[in-house]
Amino acid sequence: MGRIAHENLETALSCFFTPNEEKEQEVLELEETCDYLNREITSKMLELKNLDLSEKDLKQIYYMTLVLADVERISDHAENIGEYASQLRTGKAKLSPQAVEELRRLADATLDSVETCVEIFDLNEYDRIPEAEKKEDLVDDIQDEIVEAHAERLMAGNCDPLGGVIFTDLVTDLERCSDHAINIANSFIYNNNK
């Protein structure tokens, strides 16, 4: 499911930067898949919770539930990005070339962060947590930098109003994807330390 959410984020960003109505539809379909998997896996974990399990196993189920929520949220953010792509594709909003370049930098850093964190979780490579934290810090740094540049464009009157809203919303979505990803990578580290 984590890989599907990552793929959905990648697809959403692809159609954001290169308009493609078919990919926008693919984002919606992948989001439906994540929602379905989230419901089904959560249901099975609730069944497991009712079994006679050790406290350690119950904690693992609890943390897995948190991981599922974080994975599902990444896919939700991808759906948001698909909606922004549609607004840009249909000409309802416009972004300056500078804004697009800034968003590409943040998108690339976010995709790298999410991919790394999903790999850490998937492969149980928790020794890579410092690598993931550096990537998440980079996302935060880029976010701070481009929000400041965006504010300067707004103050100078060099920004389409709806494009400005899309810019800030996309920045928030990407930063939150990275936050959810680091939660996924750290999930069982916290569990094993308690």
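**Figure 1. Confidence across the predicted protein chain.** Averaged over the protein chain, pLDDT (the predictor's confidence in each residue, from 0 to 100) is 93, and 97% of the residues reach 70 or more. Helices here are DSSP runs of H or I with at least four residues, numbered from the N terminus. Because this is a predicted model, local features need pLDDT of at least 70 and side-chain atom pairs count only at pLDDT 80 or more, while totals for chains, interfaces and linings use all residues. Residues are numbered from 1 along each chain as its sequence is written, and side-chain values use heavy atoms, with hydrogens and water left out.

**Figure 2. A look along helix α3.** Helix α3 (residues 55-89) has 35 residues and reaches 51 Å from its first C-alpha to its last, close to the expected 51 Å. That expected span is 1.5 Å times one less than the number of residues. After α3 comes Gly 91, with a positive phi near 80°.

**Figure 3. Where α1 meets α3.** The two helices pack with their axes 8 Å apart, at an angle of about 15°. Axes are lines fitted to C-alpha atoms over the stretch in contact, and angles run from 0 to 180 degrees between N-to-C directions. α1 and α3 are therefore roughly parallel (under 35 degrees; over 145 counts as roughly antiparallel). Their crossing is left-handed, as the near helix is turned anticlockwise from the far one by less than a right angle. Residues in contact (heavy atoms within 4.5 Å) include Leu 9, Leu 13 and Phe 16 of α1 and Ile 74, Ile 81 and Leu 88 of α3. By class, 13 are nonpolar, four polar and none charged. Nonpolar means Ala, Val, Leu, Ile, Met, Phe, Trp, Tyr, Cys and Pro, charged means Asp, Glu, Lys and Arg, and the others, Gly among them, are polar.

**Figure 4. Helix α2 alongside α3.** The axes of α2 (residues 21-49) and α3 come within 9 Å and cross at roughly 165°, which means that α2 is roughly antiparallel to α3. This crossing is left-handed. Its contact holds 13 nonpolar, six polar and nine charged residues.

**Figure 5. The pair α4 and α5.** Helix α4 (residues 97-123) and helix α5 (residues 129-155) cross at roughly 160°, their axes coming within 9 Å. The pair is therefore roughly antiparallel, with a left-handed crossing. Here the contact comprises 13 nonpolar, five polar and eight charged residues.

Technical notes: Parallel < 35°, antiparallel > 145°, perpendicular 65-115°, else oblique.
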